[in-house]
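Here's a quick walk through one protein model and its ligand. Have a look at the sequence and the structure first, then read on.

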Amino acid sequence: MNSLITKLRNERTLLQEEFSFLLDNSHNRQLLDEINQQAREVSQHQFGNKIYIRGLIEISNCCKNDCLYCGIRKSNRNVERYRLTTASIIECCREGYALGFRTFVLQGGEETTAINDNNLVDTVRQIRQEFSGCAITLSLGEKSAEVYQQLYDAGANRYLLRHETSNEEHYQRLHPATMSHSNRLECLRILKEIGFQTGTGIMVGSPFQTIDNLVEDIRFIEKLQPQMIGIGPFLPHCDTPFAQYPPGKMELTLMLLSIFRLMHPKALIPSTTALATLAPDGRLRGVLAGANVVMPNLSPQADRKKYSLYNNKAALGAESAEGLQLLAEQLASIGYKISFERGDFED
Ligand code: SAM
């Protein structure tokens, strides 16, 4: 089995059945330890012991979509909806800047009214003016090519849009009929074409997902060659149709993180909040599996609980921007340190 990992590291790809073997055996401790170690080496060769930080600002939990897995889906009546003003978003950036953040990630539910898009473009422009040296990442879902271009022209540099699953049938089981797999993929194509550093990814262990689906995801990402790869476990939310489904597995998530690191040595790969929510040591285990980014929460304290994508979402301690010292200490305990650089993708 060592030879399979070495082959992946050297050739950056495997045969279908070889990927399946790794995924099927993520519970094998020795195999997982070995691939995590190899992925760590590749990550350290590229980034040293630096972990880039991004300040995550959850700008709105208003969403027109009804994704079956997501706690802020349109039909969840138990959500207290909020939308941050531009002034409040800028204030979050100021706080983040003072703490040392040089990337701001604006994430939110999907809204596509002209008024909302215009506000967004204006917000990005204002952030760009005040924080000229910082990177602006957006994670705001599907928009028209025109709006993506306006956001780019206003100064946004990066865009995260997980494809969620590259299998169309599986996509349809996770989303309402109003959403289309082909549009999501088209959005990714447009984002890349415009020149955004583009990120995509999946939830591991989402309902109905098979090992074959995951191999398809690996192939999709291999073909797309995104600059960022975001993967985390699916976690159930009590007010969604998937409330009773089990969470994704830690081991399978760590296996996939390492596979992606070995295939994409230069990619920016976060150790996600979902992983940190799944287990107290999840964040660090993600780093030890080859992740090189963490995204502490910079949202206003009063609104954090309202951005509840899944149950018990971590937003305190090392998960929060105020907890940077704790995060630094945790990372130091495994030999890593926070990098305050912008941390762009480097080709
Ligand atoms: N609306 C934007 C979009 O669709 O890309 C950004 C916000 S959306 C809430 C961000 C990501 O959260 C999704 O891409 C999805 O993978 C993840 N997410 C949503 N619900 C989740 C759940 N129950 N468990 C794990 N991740 C979840």
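## A tour of the model

Ser-339 sits in strand β9 (residues 337-339); helices (H or I, at least four residues) and strands (E, at least two) are DSSP runs, numbered from the N terminus. A caveat before going on: this is a predicted model, with local features needing pLDDT of at least 70 and side-chain atom pairs counting only at pLDDT 80 or more, while totals for chains, interfaces and linings use all residues. Residues are numbered from 1 along each chain as its sequence is written, and side-chain values use heavy atoms, with hydrogens and water left out.

Back to Ser-339: with a relative accessible area of 4%, this residue is buried (buried is under 20%, exposed over 50%, partly exposed in between, using a 1.4 Å probe and protein chains only). Leaving out residues up to four places away in sequence, Ser-339 touches Lys-50, Ile-51, Tyr-52 and Ile-53, where contact means heavy atoms within 4.5 Å. A polar atom of the Ser-339 side chain also lies 3.2 Å from the backbone nitrogen of Glu-341.

Strand β2 (residues 55-60) is mostly covered, with 6 of its 6 residues buried. β2 pairs with strand β3 (residues 103-108) in the parallel sense over 5 bridges; pairing takes at least two DSSP bridges between the strands. Ser-60 stands opposite Gly-108 in β3.

What about the loop between β2 and α4? Lys-74 lies there. Lys-74 is partly exposed, at a relative accessible area of 45%. Its C-alpha is 7.5 Å from that of Cys-62, 12 residues away in sequence. Beyond residues up to four places away in sequence, Lys-74 touches Cys-63, Lys-64, Asn-65, Asp-66 and Arg-81.

Now the ligand. Of the 18 residues around the ligand, Tyr-69, Gly-108, Arg-162, Glu-164 and Leu-235 come nearest (being around it takes a heavy atom within 4 Å). Here are some polar contacts, meaning pairs of N or O atoms within 3.5 Å; within protein, one must be able to donate a hydrogen and the other to accept it, and residues adjacent in sequence count only if both atoms are side-chain atoms.

| Residue | Residue atom | Ligand atom | Distance |
|---|---|---|---|
| Arg-162 | polar side-chain atom | oxygen | 2.9 Å |
| Arg-184 | side-chain N or O | oxygen | 3.1 Å |
| Leu-235 | polar backbone atom | nitrogen | 2.7 Å |

Taken alone, the ligand exposes 560 Å², and the protein buries 92% of that; these areas come from the Shrake-Rupley method with a 1.4 Å probe, and for residues only the protein chains shown count as cover.
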